[in-house]
Amino acid sequence: ASASGRMCHLGWLGVATLCLGTLWAVPAKDRREEEKPKAELTLHGNLDLSNYDLTSDNYGDILDLSNYEELYDYGDLVPKIEVGTLAPRPKDPKTLPELGETTAGTPKLQPPSSAGPVPAVPIPGQGEFWLPSCLLCLCLGTSVYCDDADLEQIPALPPDTAYLYARFNHIGAVRAHDFSGLEKLKHIDLSSNSIRWADADAFRLLPSLQELLLPENRLTALPELPRSLVRLDARHNRIPSAGLRPEAFGELKQLQFLHLSDNQLDFIPVPLPESLRSLHLQNNNIQTMHEDTFCDSRDHGQIRRALEDIRLDGNPINLGLFPNAFFCLPRLPTGRFS
């Protein structure tokens, strides 16, 4: 019996030895692969996958990522990032301008200590001298806009100015030097100011002037006008016939529009150039006219086709008393004929 017991014990010992040998014969790599599922089950133990119906509504309920960083130890895989408040300065600090502090504590750029004061920036093509005028007004190309700018006099203008708009100001006079040297000036609009007088040479020396607009001022006389003028508008002033130079418009061979309504004229200014197309003299004090005012009484074949717009309404004159004064006109003047 003892021999039989010893044989059984040795048999169990052999079986155990065989099992241990088989266990240790498994490579370490295979053992790690066998242990990995168990580790993953332990690692994701906080995930409830019993009902994995993932939608946009239950995404936050199914996946609890509150301790996501604790599940994995990244070690040295993630580089350390130090966050500062200022960028590092360059090796050579002279490559950047220094920072100064304003009264409010906000940093501002300052020029290097070797730099002088910042010069005024001139307007392109006009020069530094004209900068104040173009700050007061608006300069766009060759046009200067000074409307409603509280001006009491005409400002110095850029030398290439072609169009000036200075309406609705308080300008009281036009001086001879206001437009000196402005050879390209074509259009002047001084409507609705307080102009009482203008120097005799205020406009005469402007070789390119075509349009002169002076309505709604306080003029009592007109200065000498340039021969290049095409349009003159001096409505709503206080100009009497004595305020016009003798034959003031006779030499203006390019004049097409002459508007002098709402003044104090006593007669129609003659001679009128053949180029005239529109003559507005309504609301004056004109009481009479000469037969040669519009037509040459000695040339009954004359026709003034251009002069189609004559307004004499609002005057005390009876146009019916001067039938021979209109035979050369394509249309009768507007006014009272009885």
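With -90° about its S-S bond, the link between Cys 295 and Cys 328 is left-handed. The sulfur atoms of Cys 295 and Cys 328 lie 1.9 Å apart, in what is a predicted model. This pair ties together distant parts of the chain: Cys 295 belongs to the loop between strand S12 (278–280) and S13, while Cys 328 belongs to the segment after S13, 33 residues apart. Cys 295 has 2% relative accessibility, so it counts as buried, and Cys 328, at 1%, counts as buried too.

Let us turn to the other links, for the structure holds three disulfides. Cys 134 bonds with Cys 139, with 2.0 Å between their sulfur atoms. The torsion about that S-S bond is about -90°, so this disulfide is left-handed, and both Cys 134 and Cys 139 are buried. Cys 137 bonds with Cys 146, again with sulfur atoms 2.0 Å apart; here the torsion is about 110°, so the disulfide is right-handed. Counting bonded cysteines along the chain, the pattern reads 1-3, 2-4, 5-6.

The end C-alpha atoms of residues 133–163 are 14 Å apart, and the span is 13% helix and 23% strand.

Now for the sheet. Nine strands form an open sheet in the order S3-S4-S5-S7-S9-S10-S11-S12-S13, with mixed pairing. Strands S3 (138–140) and S13 (309–311) stand at the edges with a single partner strand each, so one side of each has no neighbour in the sheet. From one strand to the next, the twist averages 5°. Within the sheet, S5 (residues 163–165) and S7 (residues 187–189) run parallel, joined by three bridges, and Leu 164 stands opposite Ile 188 in S7.

Key
Residues numbered from 1 in each chain as written. Predicted model: local features only at pLDDT ≥ 70, side-chain atom pairs only at ≥ 80, totals over all residues. Heavy atoms only, no water. Pairing = 2+ DSSP bridges. Helix = DSSP H or I, 4+ residues; strand = E, 2+ residues; numbered from the N terminus. Axes fitted to C-alpha atoms, helices over the stretch in contact; angles between N-to-C directions. Disulfide = S-S within 2.5 Å. Buried < 20%, exposed > 50% of the residue type's maximum accessible area, 1.4 Å probe, protein only.
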